[in-house]
Amino acid sequence: MSSAAFLVIAILTLAGALAAATLPKLIHAALCLVVTFFGIAALYFFLGAEFVGLVQVFVYVGAVAVLIVFTILLTRRESETTGPFNWGGVVIAVAVFCGLTWAILHTSALPQAAPQIEALTVKRIGEVLMTDYVWPLQCVGLLLTAALLGALVLVMEEKRR
Amino acid sequence: MTTTLSLVLVVSAALFCVGLLAALSRRHAIFILIGIELMLAAANINFVAFWRFGPQPQEPTGVMVAIFSIAIAAAEAAVGLALVIAVYRHYRTIEVDKLDQLKG
């Protein structure tokens with residue numbers, strides 16, 4: 001695992017995330033968010049979880065980003081106005097980052113090198129999903145159905161009285 | 001020089017804090033949802049990193065948790081954006097500072 005490739009991916013991901021968090025125009029932020037999602041998928045590939053990277057691209061880039069863009073287009077009227085930037089959030093975020101980094105760098109028990117493993121195949125993931133994780137899988141299916149119905153009910157036109 | 005677990009954890013902490021920044025400092029509801037998505041993604045990176053660097057990476061537990069977490073995040077995004085649209089229909093704005101009354 002070379003460090004240079006990881007650093008390039010990480011810097012791209014973080015730059016996209018920072019742009020998505022701070023750009024004034026919503027549609028630009030949504031496009032930067034797509035870059036961030038691709039970077040996160042590349043991180044998963046880098047860490048050896050290829051299936052999670054593919055799921056990330058399918059779900060986030062394919063579904064969530066498109067959903068966000070649709071919502072932006074449906075709700076933009078006078079929404080481009082932004083007031084003064086809230087610096088309290090910046091202070092809190094920087095403080096949390098410093099605390100987390102301090103905690104990570106001062107933890108001595110972290111393993112240093114990744115062990116050599118054989119690649120995690122989709123076949124193995126499918127087997128595990130159908131044996132050990134079959135109840136969580138059913139629950140997630142139920143949750144997605146409920147979320148679909150709930151979203152439909154929420155955006156249905158209210159009855160005129 | 002190889003990538004260590006600490007480096008991955010620091011990157012994911014930075015991603016989490018960018019999400020926190022978006023969720024705390026923006027007034028637009030969609031930006032807050034974007035921040036929450038970024039924070040969830042950072043947590044997923046942590047799961048996968050601990051799986052990869054852990055002592056027993058043959059058991060794909062971290063990968064499974066990440067996959068389920070992505071599915072739940074998709075459900076959350078769908079419901080959250082539906083709420084944004086419903087609120088917009090009612091108030092004609094989605095700036096969270098202006099949504100300050102309980103009565104419709």
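1. B:Cys17 is a buried residue in this predicted model. Its relative accessible area is 5%, and buried means under 20%. The cysteine sulfur closest to that of B:Cys17 lies 8.4 Å away, in A:Cys98, which is too far for a bond. A disulfide would require the two sulfur atoms to be within 2.5 Å.

2. Over all chains, the structure holds zero disulfides. A:Cys98 is accordingly in no disulfide, and the nearest cysteine sulfur to it is that of B:Cys17, at 8.4 Å. Is A:Cys98 buried or partly exposed? With a relative accessibility of 45%, A:Cys98 counts as partly exposed, whereas B:Cys17 is buried.

3. Turning to the fold of chain B, the secondary structure consists of three helices and zero strands. Read from the N terminus, the order of elements is α-α-α. Chain B has a radius of gyration of 18 Å, well over the 13 Å that the globule rule gives for 104 residues, so chain B is more spread out than a compact globule. The C-alpha trace of chain B spans about 55 × 25 × 20 Å along its principal axes.

4. How much of chain B is buried? Of the 104 residues in chain B, 61% are buried. The chain exposes about 4,000 Å², and carbon and sulfur atoms supply 67% of that area. Among contacts in chain B with a separation of 6 or more, 54% join residues 24 or more positions apart.

5. B:Asn44 belongs to helix H2, which covers residues 29-53 of chain B. What does B:Asn44 touch, leaving aside residues up to four places away in sequence? The partners are A:Tyr44 in chain A, together with B:Ala66, B:Ser69 and B:Ile70 in chain B. B:Asn44 has a relative accessible area of 1% and is therefore buried, the cut-off being under 20%.

6. Chain A has six helices and zero strands. From the N terminus on, its elements run α-α-α-α-α-α. The radius of gyration of chain A is 20 Å, well over the 15 Å given by the globule rule for 161 residues, so chain A is more spread out than a compact globule. Taken along the principal axes, the C-alpha atoms of chain A fill a box of roughly 65 × 45 × 25 Å.

7. The surface and contacts of chain A may be described in the same terms. Buried residues account for 34% of the 161 residues in chain A. The accessible surface amounts to about 9,900 Å², with 74% of it belonging to carbon and sulfur atoms. Of the contacts in chain A with a separation of 6 or more, 53% are between residues 24 or more positions apart. The mean positions of the 8 positive and 8 negative charges of chain A lie 12 Å apart.

8. Is A:Leu152 buried or exposed? A:Leu152 has a relative accessible area of 52% and is therefore exposed, since exposed means over 50%. A:Leu152 and A:Val91 are separated by 61 residues in sequence and by 38 Å in space, from C-alpha to C-alpha.

Methods. Residues numbered from 1 in each chain as written. Chains lettered and ligands numbered in written order. Predicted model: local features only at pLDDT ≥ 70, side-chain atom pairs only at ≥ 80, totals over all residues. Heavy atoms only, no water. Buried < 20%, exposed > 50% of the residue type's maximum accessible area, 1.4 Å probe, protein only. Helix = DSSP H or I, 4+ residues; strand = E, 2+ residues; numbered from the N terminus. Rg over C-alpha atoms; globule rule 2.2 N^0.38 Å. Contact = heavy atoms within 4.5 Å. Areas by Shrake-Rupley, 256 points an atom, 1.4 Å probe, with all protein chains shown as cover. Lys, Arg positive; Asp, Glu negative; His and termini not counted. Charge placed at Lys NZ, Arg CZ, Asp CG, Glu CD.
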